[in-house]
Amino acid sequence: MNSRHAADQPARRAALETVIARSQRRIEAGDLRSARHELSAALHTNPGHAAIYNQLGVVCFRESSPAEALTYYRAAHRLEPDNAVYSKNLADLLYFSNQD
């Protein structure tokens with residue numbers, strides 16, 4: 001890894017944290033379309049970031065798209081299987097989708 005790439009890591013991490021926080025505020029405000037758009041763009045440039053997948057799962061769940069939410073929750077869980085939030089979101093969706 002070159003020194004420039006190493007120096008970019010903290011800035012990139014901070015930018016991703018900003019995207020996640022902003023998307024959370026948008027989700028809470030009901031602005032799911034903007035949250036989805038921003039998260040999808042972030043995922044395109046950061047395909048290995050579990051928090052983005054999780055947030056997209058939240059958006060899909062709120063949009064009443066459980067199959068799509070499941071895809072995102074599974075991806076987040078696969079990337080970070082020890083993350084309790086991602087595990088809970090996946091388990092909750094699986095549990096409640098079997099209640100019909």
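Predicted model: local features only at pLDDT ≥ 70, side-chain atom pairs only at ≥ 80, totals over all residues.
The C-alpha atoms of Lys88 and Tyr73 are 9.5 Å apart in space, although the two residues are 15 residues apart in sequence.

Asn54 belongs to helix α3, which comprises residues 50-62. With a relative accessible area of 5%, Asn54 is buried, because buried residues are those under 20%. When neighbours within four places in sequence are left aside, Asn54 is in contact with Tyr72, Tyr73, Ala76, Val85, Tyr86 and Asn89. The side chains of Asn54 and Asn89 are also joined by a polar contact of 2.8 Å.

The packing of α3 with helix α4 was then examined. In general, a pair of packed helices is described by the angle between their axes and by the distance between those axes. Helix α4 consists of residues 66-79, and α3 packs with α4 at an angle of about 160°, the axes being 8 Å apart. The two helices are therefore roughly antiparallel to each other, because angles over 145 degrees fall into that class. The crossing of α3 past α4 is left-handed. On the side of α3, the contact is made by Ala50, Tyr53, Asn54, Leu56, Gly57, Val58, Cys60 and Phe61. On the side of α4, the contributing residues are Glu68, Ala69, Tyr72, Tyr73, Ala75, Ala76 and Leu79. The residues of this contact comprise twelve nonpolar, two polar and one charged.

Ser23 is placed in helix α1, which covers residues 3-28. The relative accessibility of Ser23 is 0%, so this residue counts as buried. Apart from residues up to four places away in sequence, Ser23 touches Ala35, Glu38, Leu39 and Gln55.

Leu32 lies in helix α2, formed by residues 32-45. Leu32 likewise counts as buried, because its relative accessibility is 15% and the limit for this class is 20%. Beyond neighbours within four places in sequence, Leu32 is in contact with Arg26, Ile27, Val59, Arg62 and Glu63. A separation of 9.4 Å is found between the C-alpha atoms of Leu32 and Val58, which are 26 residues apart along the chain.

Terms used. Residues numbered from 1 in each chain as written. Heavy atoms only, no water. Helix = DSSP H or I, 4+ residues; strand = E, 2+ residues; numbered from the N terminus. Buried < 20%, exposed > 50% of the residue type's maximum accessible area, 1.4 Å probe, protein only. Contact = heavy atoms within 4.5 Å. Polar contact = N/O pair within 3.5 Å; in protein donor to acceptor, adjacent residues only side chain to side chain. Axes fitted to C-alpha atoms, helices over the stretch in contact; angles between N-to-C directions. Parallel < 35°, antiparallel > 145°, perpendicular 65-115°, else oblique. Left-handed = near helix turned anticlockwise from the far one by under 90°. Nonpolar A, V, L, I, M, F, W, Y, C, P; charged D, E, K, R; others polar.
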